[in-house]
Amino acid sequence: MNLIETKGRSLTFNIFRYDPQEAGDKPKMVKYQIEETPGMTVFIALNMLREHQDTSLQFDFVCRAGICGSCAMVINGLPTLACRTLTKNYPKGEITLMPLPGFELIGDLSVNTGKFMRELAERLKLWLHPMSEDADVHRLETPMSPQEAAKLYELDRCVECGVCVSACATKQMRESFVGAVGMMKLARFELDSRDSRTTEDFYHVIGNQDGVFGCMTLLGCQDNCPKDLPHMQQIAYLRRKMAMAQF
Amino acid sequence: MTVRTLLPASATPDIGGHPWSAKADKIQSATGILLGCFLLAHLHFESSILLGKQAFYQVVQILEGGMFSETGHGFPIVTQIFSMLILLVVILHAAVALRRFPVQIGQWRALRRHMNVIKHKDSHAWFWQLVTGFILFFLAPVHIFTMITNPEIGPHLSAERVYHANAWLLYALLLPAVVIHAMIGLYRVAVKWGITANRSGLRKLAKVMIIYLITIGVFSLVSYIYIGHGLSLPIEPYVPTGH
């Protein structure tokens with residue numbers, strides 16, 4: 001390999017910058033140039049920018065492997081995980097980064113998805129409500145069928161990155177709408193045979209305009225989820241279930 | 001406002017799930033499917049003029065119940081009653097679909113901002129459904145009222161309405177609005193209730209149907225204008241050959 005081949009092309013990053021903590025700071029877009037390296041992801045590029053060009057750049061990351069869900073941001077109009085986005089997928093070499101809309105902005109590309117997810121979990125009671133007989137710790141648990149376990153595991157893959165919330169125009173228009181992440185997690189407990197909540201209990205939580213009947217099926221969640229969770233099928237399932245419930 | 005500051009549902013039992021939320025959603029989908037299917041039939045019936053005056057005349061006679069009259073001519077009151085029923089369905093659909101409109105300026109801005117930041121085709125398609133839905137509030141009732149007050153349909157009578165009464169202007173605006181609204185709507189209702197998982201196929205079908213329906217609609221509109229242009233007032237109703 002000669003020197004010309006190893007020299008990567010020059011990438012232009014257009015990054016949203018704003019620090020709400022800093023008095024007088026105004027939101028702006030700032031341009032950065034960086035040389036592309038083989039296998040570079042947006043996450044790697046951001047770290048290089050912070051290390052060599054601007055130490056004040058704020059963005060979140062933990063795992064670098066698409067598991068923690070921390071580095072979600074809007075990359076050229078598509079909300080996704082920075083660590084799973086290769087820069088080589090942008091032939092023009094121009095990449096615009098925006099923070100996820102619909103969340104509290106911590107600064108630059110960093111948003112407080114954790115606070116949102118916690119509040120959502122408290123509001124929808126996103127934890128297992130055991131059957132009364134299961135409260136006895138000395139009792140042996142009824143084994144779960146592998147099929148059921150597989151179904152639950154599929155929905156448990158959610159990393160709470162917040163992409164579905166940002167990609168949802170319904171959620172952006174109606175703040176109290178629970179969004180795909182809320183419905184996905186609720187569907188997970190609805191499918192769980194160990195959960196004592198009935199269809200009626202779930203109806204009380206999402207059988208309204210803030211829940212499954214407020215969803216307009218714009219499918220931003222389905223099309224952008226970095227974990228490819230079956231949002232469309234899951235919301236349709238909950239909708240049918242809730243629509244058929246008679247009280 | 002954050003999720004936490006919202007009143008918890010448990011504190012006020014009445015604001016949790018509401019039976020009417022499910023009913024409204026079902027009514028919206030059911031009336032939407034009904035109107036979408038009606039539109040498909042309607043556009044094909046009126047486009048029978050492309051097969052000639054005779055074909056259109058026969059379609060009208062069948063739909064107006066011509067087989068139940070001694071003369072073989074239909075009853076225009078059938079059109080009037082049917083138009084009133086359709087108007088009722090449209091009103092019901094509009095009433096429940098209004099829940100989806102960004103009625104507050106903040107919601108409208110949020111929608112526009114979202115469309116500017118996030119590239120997503122289905123969200124953009126919904127935006128066009130919203131715009132065409134709003135247009136239909138004004139155009140659809142005008143068309144239906146005309147059919148209630150003036151139900152005469154026939155190769156010459158319809159041409160008179162289109163050309164001499166200037167209804168072509170209404171139809172030229174109504175046609176794309178209603179076709180776009182209905183086809184995107186039928187696609188959405190299918191994925192919404194999980195009727196099919198083949199989304200890409202449905203999207204293609206919806207696109208093809210939009211082009212196809214607008215094409216046959218425009219061609220038949222042009223042929224009515226052409227027929228109307230060749231007729232002089234007062235209009236003599238079309239008499240089929242062989243009578």
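**Exercise 1. The interface**

How many residues of chain B are in contact with how many residues of chain A? Then describe the interface.

*Solution.* This is a predicted model: local features need pLDDT of at least 70, side-chain atom pairs count only at pLDDT 80 or more, and totals for chains, interfaces and linings use all residues. Residues are numbered from 1 along each chain as written, chains are lettered from A and ligands numbered from 1 in the order in which they are written, and side-chain values use heavy atoms, without hydrogens and water.

Step 1. Count the contacts (heavy atoms within 4.5 Å). On chain B, 39 residues touch 45 residues of chain A.

Step 2. Take the buried area, the accessible area (1.4 Å probe) that two parts lose on being put together, summed over both. Between chain B and chain A it is about 3500 Å². Carbon and sulfur atoms give 57% of that.

Step 3. Look for salt bridges (a side-chain nitrogen of Lys or Arg within 4 Å of a carboxyl oxygen of Asp or Glu). The rule finds two across this interface. One of the pairs in the model is A:Asp223 with B:Arg199, whose closest N and O atoms are 2.7 Å apart.

Step 4. Ask which helices of chain B take part. Helices are DSSP runs (H or I, at least four residues), and strands are too (E, at least two), numbered from the N terminus. On the side of chain B that touches chain A, α1 (19-46), α4 (105-117), α5 (121-149) and α7 (167-192) each supply at least two residues.

**Exercise 2. Chain A as a whole**

Describe the make-up and extent of chain A.

*Solution.* Step 1. Chain A has ten helices and seven strands.

Step 1. Along its principal axes, the C-alpha trace of chain A spans about 70 × 45 × 35 Å.

Step 2. Apply the burial cut-offs: buried is under 20% relative accessible area, exposed over 50%, partly exposed in between (1.4 Å probe, protein chains only). Of the 247 residues of chain A, 52% are buried.

Step 3. Consider contacts in chain A with a separation of 6 or more. Residues 24 or more positions apart account for 63% of them.

**Exercise 3. One residue**

Why does B:Phe101 count as buried?

*Solution.* Step 1. B:Phe101 lies in the loop between α3 (76-97) and α4 of chain B.

Step 1. B:Phe101 counts as buried because its relative accessibility is 15%.

Step 2. Set aside neighbours within four places in sequence. B:Phe101 then contacts A:Arg174, B:Gln107, B:Leu130, B:Gly133, B:Phe134 and B:Phe137.

Step 3. B:Phe101 and B:Leu130 are 29 residues apart in sequence. Their C-alpha atoms are 7.2 Å apart in space.
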